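This briefing covers the charged pairs, the sheet, the nonpolar core and the aromatic pairs of one structure. Please read it beside the sequence and the coordinates.

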Amino acid sequence: NTLPFQPLGGLEVLQLSNIYHGFRTMHNATFASLANLRVLMLENVGLESIRGVLFENLSSLNTLVLKRNMVHVIREGDIPRLPSLAYLDLQENPISCVCDNLWFQRWAESSEVQVPRFHQYPCVGLR
């Protein structure tokens, strides 16, 4: 089922942490029906990439936790454009020191969104 949370439209907090099944990615519509969601925790679920489209309907989301996954590169368009987003946790992902991540570094430095321990990521400050 690509819309597993459809009957839970009023849900405000969803924690799917530590359910590593090697997802690597999720269907674009997985969270589409959760417009009231404020907190989404996807810690240690095996995600290898972030796609903004996965979170695009989450207009109330202010906290997104993606700790301990397998994200190497974060490109423009991967970070969701969410009006309420205040906290994005990407700690313990193997974010690579490659040019493809330069956009993410610039975004994290200039954004109002708090990215915990951002200055401990590889290459931060190296340009």
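Arg 68 and Glu 43 form a salt bridge, with their closest N and O atoms 3.0 Å apart; the term denotes a side-chain nitrogen of Lys or Arg within 4 Å of a carboxyl oxygen of Asp or Glu. Because Arg 68 lies in the loop between β3 and β4 and Glu 43 in the loop between β2 and α1, the pair ties together parts that are 25 residues apart in sequence. The model is a predicted one: local features need pLDDT of at least 70, side-chain atom pairs count only at pLDDT 80 or more, and totals for chains, interfaces and linings use all residues. Residues are numbered from 1 along each chain as its sequence is written, and side-chain values use heavy atoms, with hydrogens and water left out.

**Salt bridges**

- The structure holds 3 salt bridges.
- In the pair described above, Glu 43 is buried at a relative accessible area of 14%, whereas Arg 68 is partly exposed at 30%; buried means under 20% relative accessible area, exposed over 50%, and partly exposed in between (1.4 Å probe, protein chains only).
- Glu 12 and Arg 38 meet through their side chains in a salt bridge of 3.0 Å, N to O.
- Glu 12 belongs to the segment before β1 and Arg 38 to the loop between β1 and β2, so this pair ties together parts 26 residues apart in sequence.
- Glu 12 is partly exposed at 39% relative accessibility, and Arg 38 is partly exposed at 35%.
- A salt bridge of 3.1 Å, N to O, joins the side chains of Asp 100 and Arg 75. Asp 100 lies in the loop between β4 and α2 and Arg 75 in the loop between β3 and β4, so parts 25 residues apart in sequence are tied together.

**Sheet**

- An open sheet is formed by 4 strands in the order β1-β2-β3-β4, with parallel pairing. Helices (H or I, at least four residues) and strands (E, at least two) are DSSP runs, numbered from the N terminus, and two strands pair if DSSP finds at least two bridges between them.
- β1 (13-15) and β4 (87-89) stand at the edges with a single partner strand each, so one side of each has no neighbour in the sheet.
- Strand β2 (residues 39-41) is joined to strand β3 (residues 63-65) by 3 bridges; Met 41 has Val 65 as its bridge partner in β3.

**Nonpolar core**

- The largest nonpolar core has 32 residues, and those with the most contacts inside it include Phe 31, Phe 55 and Phe 104. Such a core is a set of buried Ala, Val, Leu, Ile, Met, Phe, Trp, Tyr and Cys residues joined through side-chain atoms within 4.5 Å.
- Helix α2 supplies the largest share of this core, 3 residues.
- Phe 31 is buried at 0% relative accessibility.

**Aromatic pairs**

- A search of the whole structure finds 5 aromatic pairs. Rings of Phe, Tyr and Trp (its six-membered ring) pair if their centres lie within 6.5 Å; planes under 30 degrees apart count as stacked, over 60 as edge-to-face and the rest as tilted.
- The rings of Phe 31 and Phe 55 are stacked, with centres 6.3 Å apart and planes at 10°.
- Phe 104 and Trp 107 also form a stacked pair, at 6.3 Å centre to centre and 25° between the planes.
- Trp 103, Phe 104, Trp 107 and Phe 118 form one aromatic cluster.
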